[in-house]
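Try each task before reading its solution.

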Amino acid sequence: MNVKSRVRIGAVVGAAALGLGVLTAPSAMADPTGFPTLAGTGSDTTQDVTNAIATRVGGSPQLIGSWDATGTSPIKTRATGCSLPRPNGSSAGIDALRADLDANTKCLDFARSSRGPADRTSTRLTWVPFAKDAVTFAVRSDSALRTADLTPAQLKSVFNCTTKTLNGVTLTPLLPQAQSGSRTFFLGQIGLPEAEVGSCVGSMQEHDGRALDSAGDIAPYSVAQWIAQTNEVVPDIHGVTVLNKIGGVAPTTAGKLNPAFPFARDVFNVVPTAKLNDATVKDVFVGSTSKVCAQNSTIETYGFGSLGTGCGATSDPALKGER
């Protein structure tokens, strides 16, 4: 494995006026200050929009509490007990939720996820969609790669290290950390199994454009995160990255997520299936009128697309899984 590993660090920026008003940008770390009714961890991709939704939903105690993917560890989600290693990424959050169910410790109530179920042999967990995102590849704006328009097959060749140069530049491909949902999704879209990722591929904290510090760097990037960062709605860590086309289709249009982009995905809050009818869980996550789905303007301000009446849907069997 390439040892060119990059770590996310904090940054604080001002707010930007978008939509109907000015939203206050969260700090680089926005963990709950108390102990919320519903505690969740997981995806880096959706942590900022979830933090914003939690603030707007409010409550006393805070109704939704969402711990960021990076920061000090362990975290503490309840007043008594419930000290656990901080999950960094979708799969890490889902694993922590599953472990919590196994131990019946009731320390976690949901997991943020930017990927769907990896194992559908069970119906133990339900992926509740709340927004639309996409993933493309990012490069530096001062690199000859900035004009690259690649197909999924070409991207596969880059990340299995078959293609070593492009536009006269020696490539240094990077992938997000091992338990990232964006990593899983991107590899699935280009048809590259994890076991076939090439030895030339380095590691980075997902969606941190500062990790791309040389001309040959190329990495997957959440379109919603890039939009939110460049609009300074969240800490701007995009560095000098630009988002490139895939198959001739641009990832953004008029400064927003392009709904026609080929690598589009839903993002989710994962909850135990047995709790779908719990009054609080249902009120917060389930159905297009749930508290999360009612925050559509916030969802769009943070760079994501609306799911409309599909937000909060739980009836699709394909959205259940994980043993």
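Predicted model: local features only at pLDDT ≥ 70, side-chain atom pairs only at ≥ 80, totals over all residues.

Residues are numbered from 1 along each chain as its sequence is written, and side-chain values use heavy atoms, leaving out hydrogens and water.

**Exercise 1.** Compare the radius of gyration of the protein with the value for a compact globule.

*Solution.* Start with the rule, taken over C-alpha atoms: 2.2 Å times the number of residues to the power 0.38. For 323 residues a compact globule would come out near 20 Å, and the protein agrees because its value is 19 Å. Next, look at the cover: 55% of the 323 residues are buried (under 20% relative accessible area, 1.4 Å probe, protein chains only).

**Exercise 2.** Find out which residues of strand S11 lie on each face.

*Solution.* First, locate S11 at residues 172-176; five of its five residues are buried. (Strands are DSSP runs of E, at least two residues, numbered from the N terminus.) Then recall that side chains in a regular strand alternate between the two faces of the sheet. One side of S11 holds Thr 172, Leu 174 and Pro 176, the other Pro 173 and Leu 175, and all are buried.

**Exercise 3.** Identify the strands that pair with S11.

*Solution.* Pairing requires at least two DSSP bridges between two strands. Strand S13 (residues 217-222) is parallel to S11 over two bridges, with Asp 217 as the bridge partner of Thr 172. Strand S12 (residues 202-204) also pairs with S11 in the parallel sense, over three bridges, and its Ser 203 stands opposite Leu 175.

Technical notes:
Buried < 20%, exposed > 50% of the residue type's maximum accessible area, 1.4 Å probe, protein only. Helix = DSSP H or I, 4+ residues; strand = E, 2+ residues; numbered from the N terminus.
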